[in-house]
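Visitor: Hi, I'm new to this one and would like to be walked through it. Could you put it up first?
Guide: Gladly, here it is.

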Amino acid sequence: MNERDMSQDGTNDCSIVEELLSPFVDEELNNEADAFVRKHIDSCIACTRKLDEIKATVDGINALPTEATPEQDLWPGIVAGSSDSEFALPLGPSHRRRWRWSNPALWAAGLAALLVPGAVGVAGMALMRSDQRE
């Protein structure tokens, strides 16, 4: 924001101040812009209401808990309720399970799913070429 923007005769002051309200609340404005906003909100009810809404929102956000943790550690109860022996250790980066295809039928099905559409397309093109030659 420059001096020319702030020196306008009230025509666009509200739109300028609306853009500055959030930085004003966060105390990020330079002295000149801060004084401009303060002077404007002293005389403008609409901008004062918007400022109050922003302050209420900031206060509400600041009132939220910073950490949502349970009162007690829940992991032992989770492990006790599980029948999977590998589940007993927390799953950190080195303990995560990797997807394993141990069943050969799954390998065959996956391979067929990849190859069959291509083979059908090649066979169809070969039939079309043979029809065109005749």
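Visitor: Let's start with side chains: which residue does Glu-18 meet in a salt bridge?
Guide: The side chain of Glu-18 meets that of Lys-50, with 2.5 Å from N to O; a salt bridge here is a side-chain nitrogen of Lys or Arg within 4 Å of a carboxyl oxygen of Asp or Glu. Please keep in mind that this is a predicted model, in which local features need pLDDT of at least 70 and side-chain atom pairs count only at pLDDT 80 or more, while totals for chains, interfaces and linings use all residues. Residues are numbered from 1 along each chain as its sequence is written, and side-chain values use heavy atoms, with hydrogens and water left out.

Visitor: And where do those two sit?
Guide: Glu-18 is in helix α2 and Lys-50 in helix α4, 32 residues apart, so the pair links distant parts of the chain; helices are DSSP runs of H or I with at least four residues, strands are runs of E with at least two, and both are numbered from the N terminus.

Visitor: Stepping back, how many helices and strands does the chain have?
Guide: It has 6 helices and 0 strands, and of its 134 residues 13% count as buried.

Visitor: How do α2 and α3 cross?
Guide: The axes of α2 (residues 13-25) and α3 (residues 31-43) come within 10 Å and cross at roughly 115°, where axes are lines fitted to C-alpha atoms, for helices over the stretch in contact, and angles run from 0 to 180 degrees between N-to-C directions. Among the residues that make the contact are Val-17, Leu-20 and Phe-24 of α2, together with Phe-36, Val-37 and Ile-41 of α3; contact means heavy atoms within 4.5 Å.

Visitor: What does Val-37 touch?
Guide: Leaving aside its neighbours within four places in sequence, Val-37 is in contact with Val-17, Leu-20, Leu-21, Phe-24 and Leu-29. The C-alpha atoms of Val-37 and Leu-20 are separated by 7.4 Å, although the two residues are 17 apart along the chain, and Leu-20 is buried, with a relative accessible area of 11%.

Visitor: Which residues have the most contacts inside the largest nonpolar core?
Guide: Those are Val-17, Val-37 and Ile-41, in a core of 14 residues. The largest share, 6 residues, comes from α2. A nonpolar core is a set of buried Ala, Val, Leu, Ile, Met, Phe, Trp, Tyr and Cys residues joined through side-chain atoms within 4.5 Å. As background, nonpolar side chains tend to be buried together in soluble globular proteins.

Visitor: New topic: what is the phi of Glu-27?
Guide: Glu-27 has a positive phi of about 55°, although it is not a glycine. For context, most residues other than glycine have a negative phi.

Visitor: Where is Glu-27, then?
Guide: Its place is in the loop between α2 and α3, and Glu-27 counts as exposed, at 70% relative accessibility.

Notes: Buried means under 20% relative accessible area, exposed over 50%, partly exposed in between (1.4 Å probe, protein chains only).
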